[in-house]
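User: I would like to go through this model and ask, for each label, what it rests on.

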Amino acid sequence: MTDTAIAWDTYSQQRPERRPTNARGETTWFNWTQYPDHGPGAELLEVDAGSRVLDLGCGKGGNAAHLAAIGVQAVGIDVSPKQLAAARERWAGTPQLHFHQADAVRFLQQDRVGFDAVYSVYGAVWFVDPALLLPAARERLRPGGRLVFSQRPPVEGCYGCQASYIPRGPDDEPLVVKRWDFEPADWETLLEEHGYANVEATVLPAPPGNRTTGTLIVRASA
Ligand SMILES: C[S@@+](CC[C@H](N)C(=O)[O-])C[C@H]1O[C@@H](n2cnc3c(N)ncnc32)[C@H](O)[C@@H]1O
């Protein structure tokens with residue numbers, strides 16, 4: 001197994017399952033943010049039933065399962081076997097939902113069908129060099145198809161490749177994965193440089209409460 005897969009397997013064991021229902025009593029839902037019951041939903045993808053949509057770094061699969069529940073052909077890929085095992089167990093038997101263990105860029109380069117939308121929620125788009133990921137995603141999107149991703153906004157002054165630490169036991173060194181942080185305007189420039197149109201990057205404010213970090217949401221068309 002790669003160091004990346006080992007790191008994300010470790011992370012997987014620290015993360016709880018998605019709740020059985022959300023505040024509205026729904027059993028599936030789409031959440032772009034780090035807060036429950038907050039922010040926009042699947043409408044950002046601008047897809048209909050029958051569309052084919054890819055989740056890059058799907059984790060335990062809750063967002064892809066929601067898309068499948070509304071009739072979308074949902075494909076979730078992730079490098080972590082443990083994340084995928086949890087996804088397959090939780091969403092077993094859901095029609096039109098497929099999970100694959102793969103690295104994001106490799107999967108995009110090998111897919112031969114194409115997608116109506118590609119998205120990532122705190123997922124692979126955050127953890128892969130955009131110089132590799134943005135062209136690979138654009139190549140797989142049908143004309144006009146949407147690339148949408150969310151992640152934590154950057155810490156002021158900390159831009160480009162940053163280290164993320166995944167804790168282990170008290171006597172063990174944490175595992176390190178790389179992530180890519182930019183201000184919204186710099187994401188817009190990067191996407192435009194890679195040939196995307198209708199690019200919009202904004203920070204959605206946190207919901208009322210003690211926590212103040214918003215969510216960076218970036219949208220673009222192929
Ligand atoms: C912070 S988790 C978010 C998971 C999920 N999207 C969610 O909202 O719960 C990041 C996920 O991205 C996956 N990931 C990281 N790098 C990846 C890569 N290069 N290719 C595919 N998946 C990757 C990790 O295994 C992990 O499941």
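Analyst: Helix 1 (3-14), strand 2 (73-78) and helix 5 each supply at least two residues of the shell around the ligand, where helices (H or I, at least four residues) and strands (E, at least two) are DSSP runs, numbered from the N terminus. This is a predicted model, in which local features need pLDDT of at least 70 and side-chain atom pairs count only at pLDDT 80 or more, while totals for chains, interfaces and linings use all residues. Residues are numbered from 1 along each chain as its sequence is written.

User: Why is Ala137 called buried?

Analyst: A residue is buried if 20 or more other C-beta atoms, placed from the backbone, lie within 10 Å of its own, exposed if 12 or fewer, and partly exposed in between. Ala137 has 29 other C-beta atoms within 10 Å, and is therefore buried.

User: How do you know that the buried residues of helix 6 line one face?

Analyst: The buried residues of helix 6 are Leu133, Leu134, Ala137 and Arg140. Seen down the helix axis, they fall within an arc of 135°, so they line one face of helix 6; the arc is that of the directions from the helix axis to the C-beta atoms. These buried residues pack against elements including helix 4 (104-110) and strand 5 (141-151).

Key: Contact = placed C-beta atoms within 7 Å.
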